[in-house]
Amino acid sequence: MNALEKIPVPTRILTHKDNIVDAMERYTKNKVGPDDIVTVAESVVAITQNHIVRPEELTLSWQARFLCRFMPDVGSLAAPHAMQALMEEEGVWRVTGALFIGFIAKLFGIRGVFYRLGGEQAALIDDVTGTMPPYDKHIVYGPRNPQKIVEEIKERVGCLGAAIVDANDLGRARIVGASQGLRPEKVEKALLDNPFGNDSQKTPIVILRNFRQYQECD
């Protein structure tokens, strides 16, 4: 069996003027085969959709200023502007209610309720990070219609599959969208070391070569 290979793909800086499907085809052309999949960082997909906002474009509400205090310090939503951005995307009362119910659930040892109830963007939104110039001063949402995008990428590139992934350097990777036929948990496991490079590396695309064999091996 051929071993799984992780191949970061260099690109130029992708912007809101790019189409992510076109970019995936352009930069992976002649580099993938029928047993390979292509993966892309979720923040870059969102940027190409212009699904971003600068903090100064937001008007902070008292709810955002208050509720962000109840979020873990290591998370994006601990920042009031990120909380405000979430509320404008998902609705003030949905976010407020999710936080209240999540707090009650924690008292009974149940975690993750807020992220399940607070809307799709609750787990995806990234506060200003200082990376990925020229978008280093932006709050970045999660991508829109991720399932539609990965299916389009798969068809255009002509590979085994495609996935949009939220990975970090803390040993976590989460599938935002994966084309039909892929086992999301296997994609996540393969990308736990976060081989993406969204900053100066400019490698937001990673090819997983020989993924078919890797996926079929338990």
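A residue counts as buried under 20% relative accessible area and as exposed over 50%. This model is predicted. In helix H5, the buried residues are Val-95, Ala-98, Leu-99, Gly-102 and Ala-105. They cover an arc of only 125° around the axis, so they sit on the same side of H5.

The face of H5 turned away from that buried side carries Trp-93, Phe-100 and Leu-107, which are exposed. What do the buried residues of H5 pack against? Their partners are helix H3 (62–67), H4 and helix H6 (113–117).

## Length and end of H5

H5 has 16 residues, which should span 22 Å at 1.5 Å a residue. Its end C-alpha atoms are 23 Å apart, which agrees. Just after H5 comes Gly-109, with a positive phi of about 80°.

## H4 against H5

Two packed helices are described by the angle and the distance between their axes. The axes of H4 (residues 80–90) and H5 (residues 92–107) cross at roughly 115° and come within 6 Å.

From H4, the contact uses Met-83, Leu-86, Met-87 and Glu-90. From H5, it uses Val-92, Arg-94, Val-95 and Thr-96. By class, five of these residues are nonpolar, one is polar and two are charged.

## H1 against H7

Helix H1 (residues 20–28) packs on helix H7 (residues 146–157) at an angle of about 35°. Their axes are 9 Å apart. The crossing is right-handed.

H1 brings Ile-20, Val-21, Asp-22, Met-24, Glu-25 and Thr-28 to the contact. H7 brings Ile-149, Glu-152, Ile-153, Arg-156 and Val-157. This contact has six nonpolar, one polar and four charged residues.

Technical notes. Residues numbered from 1 in each chain as written. Predicted model: local features only at pLDDT ≥ 70, side-chain atom pairs only at ≥ 80, totals over all residues. Heavy atoms only, no water. Axes fitted to C-alpha atoms, helices over the stretch in contact; angles between N-to-C directions. Helix = DSSP H or I, 4+ residues; strand = E, 2+ residues; numbered from the N terminus. Contact = heavy atoms within 4.5 Å. Nonpolar A, V, L, I, M, F, W, Y, C, P; charged D, E, K, R; others polar. Expected span 1.5 Å × (residues − 1). Buried < 20%, exposed > 50% of the residue type's maximum accessible area, 1.4 Å probe, protein only. Arc of directions from axis to C-beta. Left-handed = near helix turned anticlockwise from the far one by under 90°.
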